[in-house]
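Look over the sequence and the 3D view below before reading on.

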Amino acid sequence: MWNVADGSFASESETKAFGSPADTKIKQRSQTLIPCSISQLVVSQQIDDRFVIGRAELSQITIVGLIKSVKESPSRLDYELDDHSGYTIQVKLFVDVEDSSVSQLHEGQYVRVFGNLRSFASVRSVVAFKILPIMDINEITMHLAEVVYSHLFLSRPPKTAAPKMADFPSNFQTSNASNSFLEGGLTPVQRQVMEAIRANKDEQGIHMSALQRQLRNLGASVLNETVDKLSEEGYIYSTIDEHHFKTTDC
């Protein structure tokens, strides 16, 4: 995210996740500027007097655009700004009559605006606290990259924890359907070995020699490789010694 303190992106670890856009208790990010396009400001969701994009409240924003028109009044300057995203927006800047720097901005000039999004009579505008002329055309390209980055970051769903075994039904590991789910990635040979090991009800598990007698069609080398693979993947485990095995779902 664009950081108001140093004008740089904050790392992901520095950016806290927000709740659902429907949650009216979205945290305010008063110390972070969010780079936006004008179209994002126009179509962003409004909750009471707040505006939301993805998982973030638009507390402070920055946009870059071309001045299409200027309207002057004694205490305020109104700029119509266009960034070619499909919409224009009115930017209002309250000025000091003694401040001559803002009067240098003119139609046809690219500027960067820092401010807050507001809505009055269903018409959205930006109340600016600073407007700077674009001196380097590369700043426009950089702003577009910032807009894309922030949009992708704020639009992605929040991370969810992987389900724990305690979250599954108590019979999950013993049911046939559950076993099929757990073994969905096994080869036919691996399934055959798994079934043979699972069928043995001895407390210490089945010995490799007994397993080899049952599965003579596989051959010793294939059986050993399969047992090693199943053990590495966590489907089976050795019990009283390295020659006795049981399945982990028993």
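The points below are grouped by topic.

This is a predicted model, in which local features need pLDDT of at least 70, side-chain atom pairs count only at pLDDT 80 or more, and totals for chains, interfaces and linings use all residues. Residues are numbered from 1 along each chain as its sequence is written, and side-chain values use heavy atoms, with hydrogens and water left out.

**Terms for strands**
- Strands are DSSP runs (E, at least two residues) numbered from the N terminus, and two of them pair if DSSP finds at least two bridges between them.
- Strands of a sheet pair through backbone hydrogen bonds, either parallel or antiparallel.

**The β3-β4-β5 sheet**
- Three strands form an open sheet in the order β3-β4-β5, with antiparallel pairing.
- β3 (45–47) and β5 (56–57) stand at the edges with a single partner strand each, so one side of each has no neighbour in the sheet.
- β4 (residues 50–53) pairs with β5 over two bridges, and I53 has A56 in β5 as its bridge partner.

**Strand β8 and its partners**
- β8 (residues 88–94) pairs with β7 (residues 76–82) in the antiparallel sense over seven bridges, with R76 opposite F94.
- Five residues separate β7 and β8 in a hairpin, and H84 in the turn has a positive phi of about 65°.
- β8 pairs with β10 (residues 123–133) in the parallel sense over four bridges, with V91 opposite V126.

**K246**
- K246 is in strand β13 (residues 244–247).
- K246 is buried yet has no salt bridge (a side-chain nitrogen of Lys or Arg within 4 Å of a carboxyl oxygen of Asp or Glu).
- The nearest side chain of opposite charge (Lys and Arg count as positive, Asp and Glu as negative; His and the chain ends are not counted) is E203, 7.1 Å away.

How values were computed. Buried < 20%, exposed > 50% of the residue type's maximum accessible area, 1.4 Å probe, protein only.
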